Amino acid sequence: MTDPTPLYGNTKVTRADWLTVAMDLLVSEGVGEVKVLSISERLGVSRSSFYWYFKSRQDLLDALLKRWEQTNTGQLVRHAEMPAATITEAVCNTARCWVDTALFNHKLDFAIREWARRDGAVRRVIDQTDATRVDAFTAMFERFGYGSDEAEVRARVMYFMQVGYYALELSEPLAERMKRVRNYVLSFTGQEAKDAEVNALIAYAIQAQGRD
């Protein structure tokens with residue numbers, strides 16, 4: 001969460017600063033509170049400076065959606081495409097996104113979905129984005145020899161399980177979650193993960209938690 005203390009003085013406020021504060025407001029307050037005045041007050045600058053970077057509030061909102069797609073969806077796709085020797089290793093690669101908020105901001109994802117409940121255009125973006133993510137996971141399974149139908153179902157189960165995990169706002173200690181990794185991977189792939197694959201994911205998750 002961005003510190004609400006205004007950035008007074010000679011601090012140069014950038015387009016990225018406007019987007020960062022707007023994203024924080026979206027996550028904490030909802031899209032209705034993503035207002036030029038609210039953001040300018042947090043940044044300690046005049047509203048007029050907003051128009052150096054954005055044509056309108058809608059332009060800002062469009063930029064937020066684009067950043068979300070580039071970060072959350074971009075990371076999921078990149079991790080699904082990472083080199084892996086086995087499907088179980090590939091699934092562990094994608095799981096890094098679920099345990100590292102620097103890769104996948106689930107609060108932002110939830111905020112976008114809440115926004116979509118009130119905006120048909122955003123709903124269409126969400127639908128396309130979900131399809132992109134499922135397609136990436138489907139291709140990952142196909143890469144390891146699963147037939148197209150089976151690959152799609154496994155991809156959907158894996159992805160929608162995680163979306164449901166966030167939607168239900170489940171919270172459990174990392175150690176508890178990591179105990180289930182091996183069986184999650186078995187459920188998603190039908191194959192047993194190697195100890196080295198599971199241990200590598202657990203080590204990554206512990207390191208990521210330390211950065212939060």
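Figure 1. The largest cavity has a lining of 16 residues, and A95, W98, Q162, Y184 and F188 are the ones that lie nearest its centre. Helix 4, helix 7, helix 8 and helix 9 (181–189) are the elements that each give two or more residues to this lining. Which helix gives the most? That is helix 4, with five residues in the lining of the largest cavity. Sorted by class, the lining of the largest cavity holds 13 nonpolar, two polar and one charged residues. The space in the largest cavity comes to about 220 Å³. A search of the whole structure turns up one cavity of 30 Å³ or more. If you wonder how such places are found, rolling a probe the size of a water molecule over the atoms shows where empty space is left.

**Figure 2. The whole chain, for orientation.** Before the next close-ups, here is some background. This is a predicted model, and the protein chain has an average pLDDT of 92, with 94% of the residues scoring at least 70. Residues 1–10 have a pLDDT below 50, and in the model this stretch makes 17 contacts beyond near neighbours in sequence. How many helices and strands does the protein chain have? Its secondary structure comes to 10 helices and zero strands. Read from the N terminus on, the elements run α-α-α-α-α-α-α-α-α-α. Taken along the principal axes, a box of roughly 60 × 35 × 30 Å is filled by the C-alpha atoms of the protein chain.

**Figure 3. The largest pocket and its lining.** Now look for T101, H106, K107, Y166 and L170, which lie nearest the centre of the largest pocket among its 29 lining residues. About 730 Å³ of space lies in this pocket. Several helices share in the lining: helix 1 (15–29), helix 4 (87–99), helix 5 (106–116), helix 7 (148–167), helix 8 (174–179) and helix 10 (195–211) each supply at least two residues. Helix 5 gives the most to the lining of the largest pocket, and its share is six residues. What classes of residue line the largest pocket? There are 16 nonpolar, five polar and eight charged residues in its lining.

**Figure 4. Helix 1 against helix 3.** In this view, helix 1 and helix 3 (residues 57–80) pack with their axes 10 Å apart, at an angle of about 80°. The two helices, helix 1 and helix 3, are therefore roughly perpendicular to each other. On the helix 1 side you can find R15, A16, L19, T20, A22, M23 and L26, and they meet L60, A63, L64 and R67 of helix 3. Eight nonpolar, one polar and two charged residues make up the contact of helix 1 with helix 3.

**Figure 5. Helix 3 beside helix 6.** Stay with helix 3 and turn to another of its partners. Are helix 3 and helix 6 roughly parallel or roughly perpendicular? The axes of helix 3 and helix 6 (residues 120–143) come within 9 Å and cross at roughly 10°. That angle makes helix 3 roughly parallel to helix 6. From helix 3, the residues L65, W68, E69, N72, T73, L76, V77 and A80 take part, meeting V122, V125, I126, T129, T132, R133, A136, F137, M140 and R143 in helix 6. By class, the contact of helix 3 with helix 6 divides into 11 nonpolar, four polar and three charged residues.

Note on methods:
Residues are numbered from 1 along each chain as its sequence is written. This is a predicted model: local features need pLDDT of at least 70, side-chain atom pairs count only at pLDDT 80 or more; totals for chains, interfaces and linings use all residues. Side-chain values use heavy atoms; hydrogens and water are left out. On a 1 Å grid over the protein atoms alone, a cavity is a set of points where a 1.4 Å probe fits but cannot get out, and a pocket is an open set with protein on both sides within 12 Å along at least five of seven lines; lining residues have an atom within 4 Å of a point. Grid points are joined across faces, edges and corners, and a volume is the space filled by probe spheres set on the points. Helices (H or I, at least four residues) and strands (E, at least two) are DSSP runs, numbered from the N terminus. Ala, Val, Leu, Ile, Met, Phe, Trp, Tyr, Cys and Pro count as nonpolar, Asp, Glu, Lys and Arg as charged, and the others, Gly among them, as polar. Axes are lines fitted to C-alpha atoms, for helices over the stretch in contact, and angles run from 0 to 180 degrees between N-to-C directions. Angles under 35 degrees count as roughly parallel, over 145 as roughly antiparallel, 65 to 115 as roughly perpendicular and the rest as oblique. Contact means heavy atoms within 4.5 Å. pLDDT is the predictor's confidence in each residue, from 0 to 100.
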